[in-house]
Amino acid sequence: EFEDQGTGEGIRKWDTCFDCGQAFQGPVFLALGWACWKTYLGRPETDNVRCLALERLGQSLSNLRPEEALPVIVASWAL
């Protein structure tokens, strides 16, 4: 469930291109951060993948919208 390296499955599909292996950047990384969070939001608060999705959202926000990233990062630490 976590990762199947090289196939675009798992949590890494939200930050790394499975075709070329490059990390997503800028607005694409931000959009995928939100998509990741929305995908796993319905899971229980203690679910590991949900926690990783919240961290991913915080990371993506920190690059383009740092003022919005802080509360998300703090929330991910609280889990």
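Tutor: Among contacts in the protein between residues at least 6 apart in sequence, 38% join residues at least 24 apart; contact here means heavy atoms within 4.5 Å. The model is a predicted one, in which local features need pLDDT of at least 70 and side-chain atom pairs count only at pLDDT 80 or more, whereas totals for chains, interfaces and linings use all residues. Residues are numbered from 1 along each chain as its sequence is written, and side-chain values use heavy atoms, with hydrogens and water left out.

The protein has three helices and two strands, in the order β-β-α-α-α from the N terminus on. Helices (H or I, at least four residues) and strands (E, at least two) are DSSP runs, numbered from the N terminus. Of the 79 residues in the protein, 30% are buried. Buried means under 20% relative accessible area, exposed means over 50%, and partly exposed lies in between, for a 1.4 Å probe and protein chains only.

The part to examine is the pairing of helix α1 (residues 26–40) with helix α2 (residues 48–64), whose axes come within 8 Å and cross at roughly 155°. Such axes are lines fitted to C-alpha atoms, for helices over the stretch in contact, and the angles run from 0 to 180 degrees between N-to-C directions. The crossing angle therefore makes α1 roughly antiparallel to α2. By convention, angles under 35 degrees count as roughly parallel, over 145 as roughly antiparallel, 65 to 115 as roughly perpendicular and the rest as oblique.

By class, the contact of α1 with α2 divides into 13 nonpolar, five polar and two charged residues. Here Ala, Val, Leu, Ile, Met, Phe, Trp, Tyr, Cys and Pro count as nonpolar, Asp, Glu, Lys and Arg as charged, and the others, Gly among them, as polar.

Gly33 lies in helix α1 and counts as buried because its relative accessibility is 1%. Leaving aside neighbours within four places in sequence, Gly33 is in contact with Arg56, Leu57 and Ser60. The C-alpha atoms of Gly33 and Trp14, which are 19 residues apart along the chain, are separated by 6.7 Å.

Beyond its neighbours within four places in sequence, Ala53 is in contact with Ile11, Cys36, Trp37 and Tyr40. Ala53 and Cys36 are 17 residues apart in sequence, with a C-alpha to C-alpha distance of 5.7 Å. Cys36 is itself buried, at a relative accessible area of 0%.

The loop between β2 (9–10) and α1 holds Asp15, which counts as buried at 14% relative accessibility. When residues up to four places away in sequence are not counted, Asp15 touches Gln22, Ala23, Phe24, Phe29 and Arg56. Gln22 is found in the loop between β2 and α1, but is exposed, with a relative accessible area of 56%. Again not counting residues up to four places away, Gln22 touches Asp15, Thr16 and Cys17.

The structure holds zero disulfides, a disulfide being a pair of cysteine sulfur atoms within 2.5 Å. For Cys17, the nearest cysteine sulfur is that of Cys20, 3.7 Å away. Cys17 is partly exposed, at a relative accessible area of 21%.

Finally, α2 also packs with helix α3 (residues 66–78), at an angle of about 160° and with the axes 7 Å apart. This angle makes α2 roughly antiparallel to α3, and their crossing is left-handed. In α2, Leu54, Leu57, Leu61 and Leu64 are among the residues that meet α3, where the partners include Pro66, Ala69, Val72 and Ile73. By class, the contact of α2 with α3 has nine nonpolar, three polar and two charged residues.

Conventions
Left-handed = near helix turned anticlockwise from the far one by under 90°.
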